[in-house]
Amino acid sequence: MNDTTAREDLAWIRSLMDHSHRFLGGTWRHQAVWGLVGSLGMLSTYLAVRATRYELIPWLWVGAVGAGWFYSLVLAREHDRAPIVRNAASQAFGGIWISLGVTLTLIGGISIFTGALAPQALSGVVAALFGAGYFASGFVAGLRWLQAVAVAWWIGATVLLVWASPHGLLLLAVMTVVLAIGPALRLRQLEQEAPYPPTAD
């Protein structure tokens, strides 16, 4: 009886993880969009700095972040219509990335408009926060490769915080392509490979 119960528990845990992997895989569109928004925003900011058109920077980010949030809300509405049973892990993923998005928007927006955070420090702070989001997601999902992505974000954040240079914007743009869009494509593959969770009757 105990062996049967143990096998049932293991099967339930495996099923929960598989369903969680599929849910996390389903977020790849959000991550790809924000990776694209972030990399283009950083590149545009770098070009504005090089051209000494600093007045354009806040409005570049208003447009980029506004477009990112709009598209994320559209994707979220479509995802809510999908017949997927939510579990604790899926709720955790949603909480992690929504809170990270709001935090980044507040820190970046307020700093750009008020100078509350030094421009040379902003890139490093953004990278460190992304590292936290990826590590937490990898921890909940049991995906070590996602935690490795977090470590790469933290290494980049350390470089950006120590290396105070406008060229850090280019480095962060490259990091965003590699460490946000890259994992998004891997999550897309994960979504296709993982089994569909049961639907609610």
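What follows is a short exchange about a predicted model.

Colleague: What is the secondary structure of the protein?

Modeller: Seven helices and zero strands. Along the sequence the pattern reads α-α-α-α-α-α-α.

Colleague: How do you know that the span of helix H6 agrees with its number of residues?

Modeller: H6 covers residues 144-162, which is 19 residues.

Colleague: Which residues of H6 are buried?

Modeller: Leu146, Gln147, Val149, Ala150, Trp153, Gly156, Ala157 and Leu160. Buried here means under 20% relative accessible area.

Colleague: Why is Val159 called partly exposed?

Modeller: Val159 also lies in helix H6. Its relative accessibility is 38%. Partly exposed runs between the buried limit of 20% and the exposed limit of 50%. Val159 therefore counts as partly exposed.

Colleague: What makes Val159 part of a nonpolar patch on the surface?

Modeller: A patch residue needs over 30% relative accessible area and no salt bridge, and nonpolar side chains are joined within 5 Å. Val159 has 38%. Its patch also holds Phe135, Phe139, Val151, Trp154, Ile155 and Trp163. Together the patch residues have about 670 Å² of accessible area. H5 and H6 are the elements that give two or more residues to the patch. H6 gives the most, with four.

Colleague: Which residues touch the most other members of the largest nonpolar core?

Modeller: Ala127, Phe130, Tyr134, Trp153, Leu172 and Met175, out of 38 residues in that core. Helices H2 (28-50), H3 (57-80), H4 (88-114), H5 (119-141), H6 and H7 (168-193) each give two or more residues to this core. H7 gives the most, with nine residues.

Colleague: What is Tyr134 in contact with, leaving aside its neighbours within four places in sequence?

Modeller: Gln31, Trp97, Leu146, Val149, Ala150, Trp153, Leu179, Ala180 and Pro183. Contact means heavy atoms within 4.5 Å. Trp153 is on that list, and Trp153 is one of the buried residues of H6.

Colleague: What makes the pair Glu55 and Arg53 a salt bridge?

Modeller: The closest N and O atoms are 2.6 Å apart. The cut-off is 4 Å, so the pair qualifies. A search of the whole structure finds one salt bridge. Glu55 is at 44% relative accessibility and so counts as partly exposed. Arg53, at 40%, counts as partly exposed too.

Colleague: What is the phi of Thr52, and where does Thr52 lie?

Modeller: Its phi is positive, about 55 degrees, although Thr52 is not a glycine. Most residues other than glycine have a negative phi. Thr52 lies in the loop between H2 and H3.

Colleague: Why is Gly182 called partly exposed?

Modeller: Gly182 is found in helix H7. Its relative accessible area is 32%, which puts Gly182 between the limits of 20% and 50%. The C-alpha atoms of Gly182 and Gly35 are separated by 8.9 Å, although these residues are 147 apart along the chain.

Colleague: How many of the contacts between residues at least 6 apart in sequence join residues at least 24 apart?

Modeller: 74%.

Colleague: What percentage of the residues count as buried, and what is the accessible surface of the protein?

Modeller: Of 201 residues, 40% count as buried. The accessible surface comes to about 11,300 Å², and 69% of that surface belongs to carbon and sulfur atoms.

Definitions and conventions: Residues numbered from 1 in each chain as written. Predicted model: local features only at pLDDT ≥ 70, side-chain atom pairs only at ≥ 80, totals over all residues. Heavy atoms only, no water. Expected span 1.5 Å × (residues − 1). Buried < 20%, exposed > 50% of the residue type's maximum accessible area, 1.4 Å probe, protein only. Core = buried A, V, L, I, M, F, W, Y, C linked by side-chain atoms within 4.5 Å. Patch = residues over 30% accessible without salt bridge, like charges linked within 9 Å, V, L, I, M, F, W, Y side chains within 5 Å. Areas by Shrake-Rupley, 256 points an atom, 1.4 Å probe, with all protein chains shown as cover. Salt bridge = Lys/Arg side-chain N within 4 Å of Asp/Glu carboxyl O.
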